[in-house]
Amino acid sequence: MQKVEKFSPEINKVYFIESHTLIHILSGKGSIQVDFKNYFDWQEKAIFLEKGQYIKFLSNDFIVRRIEFSNERKFYDNEVRVLFKHLISLGYIDLLECEDCNTFLSETALTDNSANIIDISSKQWYWQNPFKANKEEYQVIFDAKEIIDEEYSNNLSSNDLVNLINDRGYNAQALIKNKIGLSVKNLVNSKRLNESLKEVAFTNKNIQEISYDLGFKDDAYFNRVFKNSIGQTPKQFRENFDFENRDLFSQDILELLQKYHTQERSLEFYANKMNLSIKTLSNKVQSKMNTSLGQLIRLELINSAKLMILEGQSITSISRQLGFEEPNHFSRFFKHYSKITPTEFRIKKYNS
């Protein structure tokens, strides 16, 4: 059984994931945040999240389809866990490359058998082959991730962790480093940091209690590690994340960007509108939204450009409306941040 829901999420609200979930963003602009990381390239993707994660929508115009799967046994399958147990980024399927996925996620195909999207997506994930590994190598890598998720707070060494992995004739340390570009120690530290962020942001535990629960030798050491990684103390991070109150800063700056991004790109303009200095505005954007103001401006420009391309407008017209001096300046900008030219984007969308 699964629960299928189409809804318009609230801006900046934390949506906790209670069961294995597929998120399909139908429309909207702006970025999403999953486990304290912002993502700007969610378009044409089916996103897979596991229990314990969260998602936030950093704009107020999203329309989202959410499919929650209640059959927990399904997700112990080694072929399926690759979708949900993320290594360094989101687990996702590129819908432009998966016709069967699009069929299941179409407006008219949300029937009781939509759980089959998991099987189709698993096959598609392996076809995408994000780390250029074979299936047996992937199982070793994800075995390591399973162990890390269970043992990260127990202060085991990298060798201890690797020794817990099933022996399949692979050097797990070398395999993970070669395929993912990170060491086992990196993955452990990343897991511990992410759990630290959740404890600080979403609980009322004191810092000493959090440091003890996560296996740090004392709270002073935890504070140093946290600040070196995040740039803020745990107390500062808790205040800036503002989980309970959800202040309007993020919404206010995003509304300004949506209104003025085609005309104004200077940080000074937005700082004046927010009655803040440039430095204060930049720091608040970074601490509250985990990105830069410049990145947010570029994102608005790219999103507007994509909509205009799909409307059939010419490159010349789009570049003029978005304030570029020459069409080739716009094309270079678009390719730099989208990795494809405007023409290639148009062709890819029309052929999908």
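H261 counts as buried, because its relative accessibility is 3% and buried means under 20% relative accessible area, exposed over 50% and partly exposed in between (1.4 Å probe, protein chains only). The structure is a predicted model, in which local features need pLDDT of at least 70 and side-chain atom pairs count only at pLDDT 80 or more, while totals for chains, interfaces and linings use all residues. Residues are numbered from 1 along each chain as its sequence is written, and side-chain values use heavy atoms, with hydrogens and water left out.

**Surroundings of H261**

- H261 lies in the loop between helix 11 (249–260) and helix 12 (267–273); helices (H or I, at least four residues) and strands (E, at least two) are DSSP runs, numbered from the N terminus.
- A polar atom of the H261 side chain lies 3.3 Å from the backbone oxygen of Q258. A polar contact is a pair of N or O atoms within 3.5 Å; within protein, one must be able to donate a hydrogen and the other to accept it, and residues adjacent in sequence count only if both atoms are side-chain atoms.
- Not counting residues up to four places away in sequence, H261 touches L256, Y270, E300, L301 and S304, where contact means heavy atoms within 4.5 Å.

**Confidence**

- The protein has an average pLDDT of 85, and 92% of the residues score at least 70; pLDDT is the predictor's confidence in each residue, from 0 to 100.
- Confidence is highest in strand 2 (residues 15–16), at a mean of 94, and lowest in helix 5 (residues 158–164), at 74.
- Where pLDDT is low, the predicted coordinates should not be read in detail.

**Packing of helices 7 and 9**

- Helix 7 (residues 184–202) packs against helix 9 (residues 219–230) at an angle of about 105°, and their axes are 11 Å apart. Axes are lines fitted to C-alpha atoms, for helices over the stretch in contact, and angles run from 0 to 180 degrees between N-to-C directions.
- Helix 7 is therefore roughly perpendicular to helix 9, a term for angles of 65 to 115 degrees; under 35 counts as roughly parallel, over 145 as roughly antiparallel and the rest as oblique.
- From helix 7, L193, S196, L197 and V200 meet F222, F226, S229 and I230 of helix 9.
- By class, this contact has six nonpolar, two polar and no charged residues. Ala, Val, Leu, Ile, Met, Phe, Trp, Tyr, Cys and Pro count as nonpolar, Asp, Glu, Lys and Arg as charged, and the others, Gly among them, as polar.

- L187 is placed in helix 7 and is buried, at 5% relative accessibility.
- Beyond residues up to four places away in sequence, L187 touches L87, I148, I176 and L182.
- S153 is located in the loop between helix 4 (135–151) and helix 5 and is partly exposed, with a relative accessible area of 22%.
- With residues up to four places away in sequence left out, S153 touches R192, D213, L214 and G215.

**Positive phi angles**

- Most residues other than glycine have a negative phi.
- F36, in the loop between strand 4 (32–34) and strand 5 (37–39), has a positive phi near 75° and is buried at 8% relative accessibility.
- K132, in the loop between helix 3 (116–128) and helix 4, has a positive phi of about 55° and is exposed at 58% relative accessibility.
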